[in-house]
Amino acid sequence: MFTKTDYAGNSVEQYSMLGKQLNALLEGEKNQIANLSNASALLNQFLDRINWVGFYLMENGELVLGPFQGLPACVRIPVGRGVCGTTVAKQETMVVADVHAFPGHIACDAASQSEIVIPLIKNGEVIGVLDIDSPEKNRFSSEDQAGLEGFVQILMKHI
């Protein structure tokens, strides 16, 4: 049974606790949709100052909306388009301090001001992305990036 935790300490310690929670939450479950659903719910309760968190999964050469927390979202994103599609094309995390300054940004929620997108890589291929939006500009720090990339590494052991 999941119980909400008060995350004490610095951000490294907080992300470490989050990773332990994720690992325990997903232990023994192999269903991808169930695991992505619980991962997005866990991030939604952990992160403050966000308005959307979820996953897009590769299907027939494009990203398709997967489990998420937040307002309804864009369903399909071509590779190379927007922050999510660019993340797939580059196969690297993208942190965007001001989404309105990002060429080709896809605005699913007008309230979003900044974004971090982390690729989900399995056997050398991008199978999807973790996408997190914030209504604040410059919301995601290098510590967030490192912590969320660690979160994705743990998640991928269960996908």
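Helices α1 and α2 are roughly antiparallel to each other, because their axes cross at roughly 150° and an angle over 145 degrees counts as roughly antiparallel. The model is predicted.

**α1 with α2**

- The axes of α1 and α2 come within 10 Å, and their crossing is right-handed.
- From α1, the contact is made by Gln14, Tyr15, Leu18, Gln21, Leu22, Leu25 and Leu26.
- From α2, the contact uses Asn35, Asn38, Ala39, Leu42, Leu43, Gln45 and Phe46.
- By class, the contact of α1 with α2 has nine nonpolar and five polar residues, and no charged residues.

**α1 with α4**

- The axes of α1 and α4 come within 9 Å and cross at roughly 15°.
- Helices α1 and α4 are therefore roughly parallel to each other, since an angle under 35 degrees counts as such.
- The crossing of α1 and α4 is right-handed.
- On the α1 side, the residues that meet α4 are Ser11, Tyr15, Leu18, Gly19, Leu22, Asn23 and Leu26.
- On the α4 side, the partners are Glu143, Asp144, Gly147, Leu148, Phe151, Ile154 and Leu155.
- The contact of α1 with α4 has eight nonpolar, four polar and two charged residues.

**α2 with α4**

- Helix α2 spans residues 32-46 and helix α4 spans residues 142-156.
- Their axes come within 12 Å and cross at roughly 155°, which makes α2 roughly antiparallel to α4.
- The crossing of α2 and α4 is right-handed.
- Asn35, Leu36, Ala39, Leu42 and Leu43 of α2 make this contact with Leu148, Phe151 and Leu155 of α4.
- The residues of the contact of α2 with α4 divide into seven nonpolar and one polar, with no charged residue.

**Largest pocket**

- The largest pocket has a volume of about 180 Å³.
- Its lining residues are Tyr7, Ser11, Gln14, Tyr15, Phe46, Leu47, Asp48, Arg49, Arg139, Ser141, Glu143 and Asp144.
- The elements that give two or more residues to this lining are α1 (11-26) and α4.
- Helix α1 gives the most to the lining of the largest pocket, with three residues.
- By class, the pocket lining divides into four nonpolar, three polar and five charged residues.

**Largest cavity**

- The count of cavities of 30 Å³ or more comes to one.
- The largest cavity has a volume of about 190 Å³.
- The largest cavity is lined by 19 residues, and Ile106, Cys108, Glu115, Asp131 and Asp133 lie nearest its centre.
- The elements that give two or more residues to the cavity lining are β1 (52-59), α3 (82-90) and β6 (125-134).
- Helix α3 provides the largest share of the cavity lining, three residues.
- The cavity lining has eleven nonpolar, three polar and five charged residues.

Methods
Residues numbered from 1 in each chain as written. Predicted model: local features only at pLDDT ≥ 70, side-chain atom pairs only at ≥ 80, totals over all residues. Heavy atoms only, no water. 1 Å grid on protein atoms, 1.4 Å probe; cavity = no way out; pocket = protein on both sides within 12 Å on 5 of 7 lines; lining within 4 Å. Points joined across faces, edges and corners; volume = space filled by probe spheres on them. Helix = DSSP H or I, 4+ residues; strand = E, 2+ residues; numbered from the N terminus. Nonpolar A, V, L, I, M, F, W, Y, C, P; charged D, E, K, R; others polar. Axes fitted to C-alpha atoms, helices over the stretch in contact; angles between N-to-C directions. Parallel < 35°, antiparallel > 145°, perpendicular 65-115°, else oblique. Left-handed = near helix turned anticlockwise from the far one by under 90°. Contact = heavy atoms within 4.5 Å.
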